Each structure stands twice: as C-alpha cells, then as structure tokens.
Amino acid sequence: MSVFNLNEQNANLDKKIVAGLERISQVFKILLWEKSKLHQLSPIQIQLLIFIKYHTQNQSTVSYLAHEFNVSKPTISDTIKTLEQKKYIKKIIDKVDARSYTIELTELGKDIVLETENFADPLFDIISKSDADDKIILWRNISDMILQLNKMKIITIQRTCYNCKFFSKEENVPFCGLLNQELKSEDIRMDCGEFIQV
Ligand code: SF4
C-alpha cells in the first residue's frame, strides 16, 4: 500500500489528498530555495531569521530552535555561527550562565527578513481568493491534522490553543480564558504569543 502508487492513488481520494499535501510541501521548499539563491542564504538560515523576528527571546535559544525545527543542536549552532559571521544576528550572553545565550536580529538581519519573509505569498494569494466558508473548513481540517500529528509526536512544539492552559471546552464550545472569549474555528491559533503549555 502506497500513496505514491498511481493505480492506488487515482482510485482512492484519501491517497490523492495525502499525495496533494506532499506536492504542496514541495512548493514551500521551492519558494524558499528561490529566496536562498537570491540572498546566498540556506533555507534553514532564512527560516531561523524569520522565526527569531516573531518570537520571544526565550524562544531564540539553541535548544528551543533545535526542537522547533526538528534538527540537532550542532546544526542550529552552525547556522547561528554563519548568521553571526554575516552580521544578521547577535548573541546576547546570559548574565548568570556565560555559556548560555539568546539570539537577536541586527539591523541587517531585520532587513534580510523583510526581503525574504514574503516567500509564501504565492500560496497566500491563492488562499485569500477562496470562498470564506471553504477557508474555514480548510483551516478546521488543517488545525485538526496538526493536532493529531502533534499527538503522534511527529510535529514537536505546538503553541496552539488545543495545547494551551487557557483553553477549555465547556458544553463542547472552545473557549480562551485569557482573551475571555469563545473560540470559533477561525479563531483557533496555530502559534500564539500568549500560549502557555498545559
Ligand atoms: S492564549 Fe492563545 S493559544 Fe491559549 S487559548 Fe488563548 S488564543 Fe489560544
């Protein structure tokens, strides 16, 4: 049984959907590579810079980034070293433990993020033109799929509502205790700045 066996795939909608998702995952790689070639940066270097821009200092450590991107700590350390040599980031050494540090973008780093963070725009353009109801169904399916993959430990860190201590479900209605509001499907967040792990 394989989703890539064309006879099986073409006779089965589930397999076609999985094969389609695989095709879409290739699109992200292709789009990132285009930026990489343009700016002489590897895809992981670009992803790291974008992540650092939009996350807190305690999420910008070697351990956290390794976990976030599912790569080893030495890979992250090497990436950080290269980005530091290119003057896109600077290390902020911990005052208590001089071996630990967090990472911040330099002005040059902020500029390069502005040049690269739009890499997913072709997909955004397609989604934004979709019917509003279709988008809600799509988001509901994507967020459910991410949750299941997280429970299977295939996707590691997830700062989503379903894993958050402020999330509750009373009478089957999702609710955020921090925002003090009911969460409709379109309100469920995939990466929330206020998230605290259950
Ligand atoms: S704090 Fe953020 S992640 Fe947590 S339930 Fe509220 S919206 Fe969701």
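In S5, which residue is the bridge partner of Cys176? The partner of Cys176 in S5 is Gln181, and the legends below, which refer to a predicted model, return to this pair in its sheet.

Figure 1. The C-alpha trace spans about 55 × 45 × 35 Å along its principal axes. The domain assignment divides the protein into domain 1, covering 1–127, and domain 2, covering 130–187, and the C-alpha centres of these two domains lie 23 Å apart.

**Figure 2. The interface between domain 1 and domain 2.** Contact between the domains involves 10 residues of domain 1 and 8 residues of domain 2. The size of an interface is often given as the accessible area lost when the parts come together; for domain 1 and domain 2, the area buried between them is about 730 Å², with 49% of it on carbon and sulfur atoms. Across this interface, 6 residue pairs are in polar contact, both residues of each pair having a pLDDT of 80 or more. On the side of domain 1 that touches domain 2, helix H4 (62–69) and helix H7 (121–128) each supply at least two residues, and H4 gives the most, with 3 residues. By residue class, this side of domain 1 divides into 5 nonpolar, 4 polar and 1 charged.

**Figure 3. Close-up of the salt bridge between Glu68 and Arg159.** The count between domain 1 and domain 2 is 1 salt bridge. In the pair shown here, the side chains of Glu68 and Arg159 meet at 2.8 Å, taken from N to O.

**Figure 4. The open sheet of 3 strands, in the order S3-S4-S5.** The pairing within this sheet is antiparallel. Strand S3 (167–170) and strand S5 (181–182) stand at the edges and have a single partner strand each, so one side of each is left without a neighbour in the sheet. Strands of a sheet pair through backbone hydrogen bonds, either parallel or antiparallel. Here, S3 is joined to S4 by 4 bridges, whereas S4, made up of residues 173–176, pairs with S5 over 2 bridges.

Notes
Residues numbered from 1 in each chain as written. Predicted model: local features only at pLDDT ≥ 70, side-chain atom pairs only at ≥ 80, totals over all residues. Heavy atoms only, no water. Domains from an automatic or database assignment. Contact = heavy atoms within 4.5 Å. Buried area = accessible area lost by both parts, 1.4 Å probe. Salt bridge = Lys/Arg side-chain N within 4 Å of Asp/Glu carboxyl O. Polar contact = N/O pair within 3.5 Å; in protein donor to acceptor, adjacent residues only side chain to side chain. Nonpolar A, V, L, I, M, F, W, Y, C, P; charged D, E, K, R; others polar. Pairing = 2+ DSSP bridges.
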